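Hi,

Here is the structure I promised to send over. Have a look at it first, and my notes follow below.

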Amino acid sequence: MRKLDSLILKYKKREFNLLTLLEETVKIKGYLSFKTLNYISENLKIPLAKLYGVASFYSFLPTVKTGKYIIRVCNGPSCYLNGSREVLKVLKKELKIDLGQTTKDGKFTLESASCIGCCDSPPAIMINNKIYKNLDKNKIRNIIKKLK
Amino acid sequence: MQIKINGKEVKAKEGETILEVARRNKIYIPTLCYHPDLKPEGRCRVCLVEVNKKLVTSCNTKVENKMEIFTNTKRVLEARRLNLELLLSNVSYIRKDFEVAKLAKELGIRKIRFKKYVDISKGRAPIEKDNHKCILCGRCVQVCQNIQKINNIDFVNRGIFTEANTPFNIPLKYSPCTFCGQCALYCPENALRERAFNEKLVKYVENMDLVRDNKFFIVQTAPSIRASLGEIFGMEPGTLVTGKMVSALRKIGFDKVFDTDFGADLTIIEEANEFVERIKKNKNLPLITSCCPSWIKFAEDTYPFLLKNISTCKSPQQMFGAIAKTYYAKKIGVKPENLIVVSVMPCISKKFEAEKLEMKSAGCPDVDVVLTTRELGRIIEKKKIKFAKLKDDEFDLPFGLSSGGGAIFGVTGGVTESALRVAYELLTGEKLKNVDFRQVRGFEGIRDANIKIKNKNLRVAIVHGLGNIREMIESGRWKKYHFIEMMACPGGCIGGGGQPRPTTKEIRKKRMDALYRQDKNKEIRVASHNPAIKKIYKEFLGKPLGEKSKKLLHTKYKKRRPKYF
């Protein structure tokens, strides 16, 4: 909470962009829980409904608990045609979870994403903020093994 | 033809379906869309059976020679259950007593697993939302954010999953919603609407001539609905339909038709006395009115420091209910449980108020059923009563008699005006010559006026619309006044959440004029001159703010934090 307080203090002083505030909150808290959003809403006098409306619109602002690594599998046309389904299948098998779920140890969350801008080297995935391109089965297995 | 069902040899005729053969041999297969009168189509896929390791619908698959059929393998049972669960994702809850509920029980489904939508109206809030009707026009969101400024709903999620909803799907009952119902009033699709209050009793009301059960039905009609009920039947906004409304209610089957204006007169006498007392003691000023249940909930939720300023008087509806269940029930010799008090209100929040636990002066709820103007209109339409052609009728005595002060309760500024009429006479001891206080009339969100009574300068303020109320309180201006009238809906009750759609600013103004017209035509215009009120104080209540009236006509407020916060 102390980190959140200093963040709120910082944003209290000036006009600001709601998205950056929420993004920074996600960095501190990991996800936007009811408690967190209510705390922000009470301190910055922003309606809770508005905060939740914005948070639920963007998939990069999770409102439920996520794992340490969020794996986003690109579902754009270029990746789709070059085997993003296969990538997803391997990931599901490796992590033993389905799309939108988190592993039991709280390490990985699997999500799909619309185009992440790597159409030149498909299929691509994004783990937290890092992008992995030109994937095949072995490459994926290696990446997951390293992170585990 | 010989076939095998679950390993048992069974005879069958050519052209029969699997279901028919099974039923004849008393082997049970559940069905949903199948109906013996209709052609089987195999839509619901609940009647699945396994043939040759394939799942087929038994209702429209014909038997073949030496067919081997299994009706209760694990695969079949799981598939049936999943299919029904998927079908149920379309509904928000499983209604009891219906075919589907029975089937769900048989297949072991206790709750709906696949929720397309989460029902924010669960927890029996007075407002319910039907997501299947919502077209996402966003009017409710706008009203809640810009006019009422409660900010309880917004658009959530994205794309095809977008819906107007509360944050984190909090049920309305546990959210800061005040049930003012403006969202429902603006809804073009009837997706947001009032919840039927007490289904069993509402059914009674609809079929009163058929079912009676020793019950004695009385109805009270709010001051503002006589100016708006006609609109449902195509009349001009602002037509007063008092007489027609009374005869329609009689036709529905009510034993007695009374007027909430009487309750309003009672409220104003208690409130004016309280006001005068507080002025004399100079304590807990300003006095803030308490007739609006949405405003009360708003204060209890958000501004608990104001609770000591709010008048302890119940609202007219509850005062009427309390008097009916004690005084009137005794007078006519009916047990309070058998006296059913139905009230017709322009308001959704009144449903919430009538359900409050403390509103039980005779051991049972003071008001049993609350109908909104729209609901009454629907009942009249259902009964095929030709409203426009009805003859005018009069309210029953004793609670049909009311003053002009009660009549204008339904508009913003009306409570102030009638309180001033009574307070003037209480403070000066003289009779008021000119009863019109034109300074307090109008349509601005926040109005104030200085009223001179016997060398004393009274500062009064009138606020309507929850957004304006919020502004008034948060700016701190409320401390300057002696008397503040708060109404949650723009325009007061004439623009209430249960009023006919559409309601615009012009229509509100027309309804307002109608009520002032009614006040002008009344013989008695000050509440304390009402002979029925005088009589009830003489016979039953004693004096205003006396022991009995404190017990029956006053209530307490408590800080109420929404459960989720």
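Two residues are taken to be in contact if their C-beta atoms, placed from the backbone, lie within 7 Å. This is a predicted model, in which local features need pLDDT of at least 70 and side-chain atom pairs count only at pLDDT 80 or more, while totals for chains, interfaces and linings use all residues. Residues are numbered from 1 along each chain as its sequence is written, and chains are lettered from A and ligands numbered from 1 in the order in which they are written.

Let me begin with chain A. Its C-alpha atoms fill a box of roughly 50 × 30 × 20 Å along the principal axes. Chain A has seven helices and four strands (DSSP runs numbered from the N terminus: H or I of at least four residues for helices, E of at least two for strands). From the N terminus, the order is α-α-α-α-β-α-α-β-β-β-α. Of the contacts in chain A with a separation of 6 or more, 59% join residues 24 or more positions apart.

On to where the chains meet: chain B contributes 12 residues to the contact and chain A contributes 10. The chain B side divides into six nonpolar, four polar and two charged residues (Ala, Val, Leu, Ile, Met, Phe, Trp, Tyr, Cys and Pro count as nonpolar, Asp, Glu, Lys and Arg as charged, and the others, Gly among them, as polar).

Finally, helix α13 of chain B spans residues 373–382, and its buried residues include Leu376(B) and Ile380(B) (buried: 20 or more other C-beta atoms within 10 Å of the residue's own, again placed from the backbone). Among the elements covering the buried residues of α13(B) are α8 (242–252) and β13 (339–345) of chain B. After α13(B) comes Lys384(B), with a positive phi near 55°.

Best wishes

Notes. Buried ≥ 20, exposed ≤ 12 C-beta atoms within 10 Å, placed from the backbone.
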